[in-house]
Amino acid sequence: MGCGVFQSRMARLRLPLAATGLAAVLTVLALLVAAVAPGAAEARTNIRVGIGDQQVAMFDNPYFQRAKFKRVRYFIAWNAMDDAGQLAAADAYVRRARASGIQVFLHVSSDDLRIKKAKLPSVSRYRSKVGRLVRHFRALGVREFGAWNEVNHASQPTWRSPKRAASFFKVMYRLVKGRCRSCTVVALDVLDQRGVERYMRSFYRALSGTWRRRARTVGIHNYGDVNRKRTRFTRNIIRTARRYNRRSRFWFTETGGLVKFGRSFPCNQRRAANRLRQMFRLAKRYRRQGVQRLYIYNFTGAGCQARFDAGLTNPDGTPRPGYTYLRQALRHYKR
C-alpha cells in the first residue's frame, strides 16, 4: 500500500495519527489490512482436506510437508494387536503424525484383503480385539475411529453382513465415546458401487432409533463417481443416510484420481489429475447436505506395474501432475 493511499484513508477515518495513541493506530491498521486484503480463511470452502497413506516415510517427504496437511487416515486390521509387525508399523505412523501435530483417523479393516477370503469375526471377538486397539491408540492421541472400512466391498468380510456391521458400530461407539465424548466414530463406511443403497438400508434397519441418531458420521469411498465423472452413487448414499438420520454428516474417507486400476483405467497421470477436479466438485456440490471432509488416497504411488495406483507422487517421491493441481486447489479449502 502506498503512503498516499494510507494517509488518504486515515483522513477519511478522521483519526489523526498524532492524537490516537498506539491502540488506535493498531486498530486502524487492522481495518486497512482487512479492507485491502480479505483473509484467506474467508475465501475457503468449509471442507477439510486430508490424505490417506500407509507409509510413515510420507511424513518426511518435502512435498508432503509443503502441502501442510493436518489430517491423515490410516487403516488397520481389526486384530492388529495380535500382530507385532502390524502394531509396530501403526505405532510408528501414529507417533510420527502426532509429533508433527497431525490428527490421525484410524479405520478398522479386514486382516485379509483378498476378495471373499476374509473371515467375519464374531461381535465378541471384535469387542475384545478392537477394544485393545482403541485403548492403545487413544493413549497415543488418536481421537477418530472408523467402525469398519468399506463394509460393502468383497475384500471385507462384512460385504454380505450389514447387520454385523451395525453391531460392530455399536461396539465401537461404546468403546470410543464411553471414555471420550468429543471423539468421533465413523459409523458406516461404504464404496460407491451397485447395491450400496440396499446394503445401507439393511444396516440402518438393524439399529434402533437411538442408534440411528448416534450413527451420525458416514464415510464414502467414491472412486467410481470421481473417475467416471458422475454423481449418482455419492448422491444416493447421502440421500439414503439422511433418510434415517437427517443430521448425518459425510466424510469422503477414501477418494482420488486413479492413475492405474486394472484394465479399466490404464496408467495415465494427466487423467488422474483431471479427476481430482471432479472430486472437489462433488465435495462442494454436496457440502450443504453435510459433506465436511475428504481424505485423498493416496500420497505415494505404486507405479504403473501395480494393479492399483492413485498416488500424488511417484514411487521415488517426486510429484506428479495430480500433486501440482492439488497444491493449487488446497488454497481454497481448509486442512
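## Basis and overall composition

Because the model is predicted, local features are given only at pLDDT of at least 70 and side-chain atom pairs only at pLDDT 80 or more, whereas totals for chains, interfaces and linings use all residues. Residues are numbered from 1 along each chain as its sequence is written, and side-chain values use heavy atoms, with hydrogens and water left out.

The chain contains 14 helices and 11 strands; these are DSSP runs numbered from the N terminus, helices being H or I of at least four residues and strands E of at least two. Of its 335 residues, 53% count as buried. Here buried means under 20% relative accessible area, exposed means over 50%, and partly exposed lies in between (1.4 Å probe, protein chains only). Among contacts (heavy atoms within 4.5 Å) with a separation of 6 or more, residues 24 or more positions apart account for 75%.

## Helix α6

Helix α6 comprises the 16 residues 84–99. At 1.5 Å a residue it should span 22 Å, and its end C-alpha atoms are 22 Å apart, which agrees; the expected span is 1.5 Å times one less than the number of residues. After the helix comes Gly101, whose phi is positive, near 75°.

The buried residues of α6 are Leu87, Ala90, Asp91, Tyr93, Val94 and Ala97. They cover an arc of only 165° around the axis, which puts them on the same side of α6; the arc is that of the directions from the helix axis to the C-beta atoms. An α-helix has 3.6 residues a turn, so residues three or four places apart point the same way. The buried residues pack against β2 (71–77), β3 (103–109) and α7 (123–138), while Ala84 and Ala99 are exposed on the other side of the helix.

## Nonpolar cores

A nonpolar core is a set of buried Ala, Val, Leu, Ile, Met, Phe, Trp, Tyr and Cys residues joined through side-chain atoms within 4.5 Å. The largest has 85 residues, of which Val72, Phe137, Phe169, Met172 and Tyr204 touch the most other members. Helix α8 (residues 162–177) supplies the largest share of this core, 9 residues. Apart from it lies another core of 6 residues, among them Leu191, Leu258, Phe265 and Tyr297.

Leaving aside residues up to four places away in sequence, Phe169 touches Ala147, Val185, Ala187, Phe203, Leu207, Trp211, Arg214 and Ala215.

Gly131 is placed in helix α7 and is buried, with a relative accessible area of 1%. Not counting residues up to four places away in sequence, Gly131 touches Tyr126 and Leu175. Gly131 and Trp78 are 53 residues apart in sequence and 9.6 Å apart in space, C-alpha to C-alpha.

Asn79 occupies the loop between β2 and α6 and, at 16% relative accessibility, counts as buried. With residues up to four places away in sequence not counted, Asn79 touches Asp111 and Lys129.

## Salt bridges

The whole structure holds 8 salt bridges, each defined as a side-chain nitrogen of Lys or Arg within 4 Å of a carboxyl oxygen of Asp or Glu. One of them joins Arg96 and Asp60, with the closest N and O atoms 2.7 Å apart. This pair links distant parts of the chain, 36 residues apart: Arg96 belongs to helix α6, and Asp60 to the loop between β1 (45–52) and α5 (62–67). Arg96 is partly exposed, with a relative accessible area of 24%.

Asp112 and Arg114 meet through their side chains at 2.8 Å, N to O. Asp112 is buried at 17% relative accessible area, whereas Arg114 counts as exposed at 52%. In the salt bridge between Asp225 and Arg230, the closest N and O atoms are 2.7 Å apart; Asp225 is buried, with a relative accessible area of 0%, and Arg230 is partly exposed at 26%. Asp82, Lys129 and Arg132 are linked in a network of salt bridges.
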